[in-house]
Amino acid sequence: MIDLFHKQLSNSDIQWLKENGNIEKIASGDVLIEQGRSPDYLYLVISGKLSGSISQNQGGRLGRVFAALEEDQDLEAEISSFNPGEVIGKISALEITPGIMTVKARQNSDLLAISSAKLQEKIADDFGFAARFYRGIATLLSERWRQLVQHFLRQQKGQIPPLEDVPLIFGELSDSDVDWMLGAGRLIQISAGEVLIRNGQQIENLDIILQGVMAVLVKEEQPNRLFSVFGLLENDEQPDGLLEQEIIRLYRGEIVGEAIAIDKPTSTSTLTALENSILLRISEQQLLVKLQQDVGTASRFYRVVCLLLAGRLQGLISRLGYGKGRYQIGQSLDLETAYEDEIDLDIMDNLTLGGARFDWMLKRLKVS
């Protein structure tokens, strides 16, 4: 994935990162980010290799007892690796690497460390930089999602919890962004049981779920990915004989088809309506033209995509049997620890604003 992030940036973007970052050398075996700790820097891997692992032991002695009962003596599992070109860390409530993950060097590694505060200032001042930066991060997160889904399927862990705090997505957009969506989009009604898109098909639209529930189904990838695409020509259901597994359900406020804006036009999943649903549909051409012409909208849209993907990654990792520690009554709070059930103060205002903005959208469209 060495070029996924880098190729989205301009020469001036790269120069700014170099001028405002510092090279950090991490020895093999050293921990860069501890599980549950929120880093103050964003890291770009220059050389070497790091790994991301998650611990199932979140409950002290009791946690170890349950792990033993489950015959899981290895309380830590490595689920990700980070090679040159990867980005690690957090910026402004966006966990590029989930906070429940410990990141450790597997080889002697060089990282470019950029202050999250300084980066946030640059993003606020330069919409063009912000759009390119968030598009690059979204591309990375999309690939991490695809890889982790395959790991998830092999574990046979069932469904991923639905994304929480969906109104936050609309809190990240401006009134003019939402107004443009209302003007560019058209309402689509999907009947229960109807397939919105199949695995391997071309993605042609961005859809926002206004009402209803969609199921996302995936299956293990084949060595030859073209087979799953052209196999649809002969058998419209399961061309390779593998059953699809439902891993997540999408509810109102979720965005479907965001991959059209990040160089992934082919669907890696099948989406089916579980009940009669109403979508706001924006065509690929309309969306891409808008993102090219309006860097402000582009910066906010790509950040929304990043938040969606980061939220789904968090849910997927939690469903694998791992997660952030929950606060227990009587427990002493650690100010540097991120708890699973705490609300980030930085995004509370966006939750309120996003909920109001989504309700306004529904009223404009006369969707109850």
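**Close-up views of the predicted model**

**View 1. Phenylalanine 133 is buried, at 1% relative accessibility.** Buried means under 20% relative accessible area, exposed over 50% and partly exposed in between, with a 1.4 Å probe and protein chains only. This is a predicted model, in which local features need pLDDT of at least 70 and side-chain atom pairs count only at pLDDT 80 or more, while totals for chains, interfaces and linings use all residues. Residues are numbered from 1 along each chain as its sequence is written, and side-chain values use heavy atoms, leaving out hydrogens and water.

**View 2. Phenylalanine 129 and phenylalanine 133 belong to helix α4 (residues 127–155).** Helices (H or I, at least four residues) and strands (E, at least two) are DSSP runs, numbered from the N terminus. Rings of Phe, Tyr and Trp (its six-membered ring) form an aromatic pair if their centres lie within 6.5 Å; planes under 30 degrees apart count as stacked, over 60 as edge-to-face and the rest as tilted. By this rule there are 7 aromatic pairs. One of them is phenylalanine 129 with phenylalanine 133, a stacked pair at 5.9 Å centre to centre and 15° between the planes. These two residues are about one helical turn apart because they lie 4 residues from each other in α4. Phenylalanine 129 is buried too, with a relative accessible area of 0%.

**View 3. Phenylalanine 170 and phenylalanine 358 form a tilted pair, with ring centres 5.0 Å apart and planes at 40°.** Phenylalanine 170 is in helix α5 (residues 167–172) and phenylalanine 358 in helix α10 (residues 348–365), so the pair ties together parts 188 residues apart in sequence. Relative accessible area is 1% for phenylalanine 170, which is buried. Phenylalanine 358 also counts as buried, at 7%.

**View 4. One aromatic cluster is formed by Phe5, Trp16, Phe129, Phe133 and Tyr134.** The charged end of lysine 122 sits over the ring of phenylalanine 129, 5.5 Å from the ring centre. For this, NZ of Lys or CZ of Arg must be within 6 Å of the ring centre and within 35 degrees of the ring normal.

**View 5. Helix α1 (residues 11–20) has Asp13, Trp16 and Leu17 as its buried residues.** They are on the same side of α1, because they cover an arc of only 100° around the axis. The face turned away from this buried side carries the exposed residues Asn11, Ser12, Lys18 and Glu19.

**View 6. Four strands form an open sheet in the order β11-β16-β13-β14, with antiparallel pairing.** The edges are β11 (195–197) and β14 (245–250), each with a single partner strand, so one side of each has no neighbour in the sheet. Two strands pair if DSSP finds at least two bridges between them.

Key. The arc is that of the directions from the helix axis to the C-beta atoms.
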